[in-house]
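Here are my notes for someone opening this one for the first time. Have a look at the picture, then go through the points in order.

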Amino acid sequence: MELPINFIAIPIAAVAALCIGALWYNPKFGFGMAWMRESGMTEERIKSGNIAIIFGLALVFAAMLSFLLIQFTNHQWGALSMVGGEPELAKPSYEAFMADYGNTFRTFKHGALHGAMFGILGALPIIGTIALFERKSTKYIAINAGYWIVTLTVMGSILCGL
C-alpha cells in the first residue's frame, strides 16, 4: 500500500525555501537592505559566517519543515494516522477509502492554501512574538513573516501538488 507522500517533493520544497530566500533577502532587488537595517545586520557580519554550515543547516531545517508541512497539506495523512501509521496492518476499509479518496485535494492550489494558512497562523505568531521580545520593528516582522508566508505557500503547493 502506498503512503500519501511523494518523497521527492520534500527536498524540492526545501530547496525552494532557499531559492525564495535568496531572492527575498537579496540587497539588490529584494528586501535585503531593509532587513539588514531592521535586524542590525552588517555586510561584515554577513561575510563572517561559515556559508556552508549556514546554508547546510538552513536546508536541513527546510527539509524538516517540509516533512511537517506535508502532514497539513495532504489530508490522507489523517487516514494513515487513524490506522496507526502502518497501512499494511489496516483493515480492508482503509484500502477502499484510499482507493476512493487517495488523491482528493492533492493539487498545487490546495497545498498553497494550507501553506499560506500555516505561514499566517504558524510562522507569523512565532516570528512576531520573538520580535516583540527582541524589540524589533513592525517592518522586521513584516519582512521575515512575509518571507515565511510566501515560502510556506510555495512549499505547500509543491508538497501537495507533486
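1. Start with Arg 135, which sits in the loop between H7 and H8; helices here are DSSP runs (H or I, at least four residues), as strands are (E, at least two), numbered from the N terminus. Arg 135 has a positive phi of about 60° although it is not a glycine. Most residues other than glycine have a negative phi. Arg 135 counts as exposed because its relative accessibility is 68%; the cut-offs are under 20% relative accessible area for buried, over 50% for exposed and partly exposed in between, with a 1.4 Å probe and protein chains only.

2. Before going on, a word on where this comes from: the model is predicted, local features need pLDDT of at least 70, side-chain atom pairs count only at pLDDT 80 or more, and totals for chains, interfaces and linings use all residues. Residues are numbered from 1 along each chain as its sequence is written, and side-chain values use heavy atoms, with hydrogens and water left out.

3. Phe 105 also deserves a look: its phi is positive, near 60°, and it is a residue other than glycine. You'll find Phe 105 in the loop between H6 and H7. With 52% relative accessibility, Phe 105 counts as exposed.

4. Which residues have the most contacts inside the largest nonpolar core? They are Leu 152, Met 155 and Leu 159, in a core of 35 residues. Such a core is a set of buried Ala, Val, Leu, Ile, Met, Phe, Trp, Tyr and Cys residues joined through side-chain atoms within 4.5 Å. At least two residues each come from helix H1 (9-24), helix H2 (32-39), H4, helix H5 (76-82), helix H6 (92-101), helix H7 (108-133) and H8. H8 gives the largest share of this core, 9 residues.

5. Not counting residues up to four places away in sequence, Leu 159 touches residues including Ala 9, Ile 10, Leu 69 and Arg 106; contact means heavy atoms within 4.5 Å. Ile 149 and Leu 159 are 10 residues apart in sequence and 15 Å apart in space, C-alpha to C-alpha.

6. Is Thr 151 buried or exposed? It counts as buried, because its relative accessibility is 0%. Thr 151 lies in helix H8 (residues 138-161) and, leaving out residues up to four places away in sequence, touches Ala 17 and Ile 20. Ile 149 is in helix H8 too, but at 22% relative accessibility Ile 149 counts as partly exposed. Neighbours within four places aside, Ile 149 is in contact with Gly 119 and Ile 120.

7. On to H2, where Gly 32, Ala 34, Trp 35, Met 36 and Ser 39 are buried. The buried residues of H2 pack against H1, helix H3 (43-48) and H8. Gly 40 follows H2, with a positive phi near 80°.

8. Leu 57 is in helix H4 (residues 51-73) and counts as partly exposed at 43% relative accessibility.

9. Lastly, the record: an unreviewed UniProt entry annotates residues 6-27, 48-72, 112-133 and 140-159 as "transmembrane region", and such annotations may be inferred rather than shown by experiment. In the model, residues 112-133 are 100% helix and 0% strand, with end C-alpha atoms 30 Å apart. For residues 6-27 the values are 73% helix and 0% strand, and the end C-alpha atoms lie 35 Å apart.
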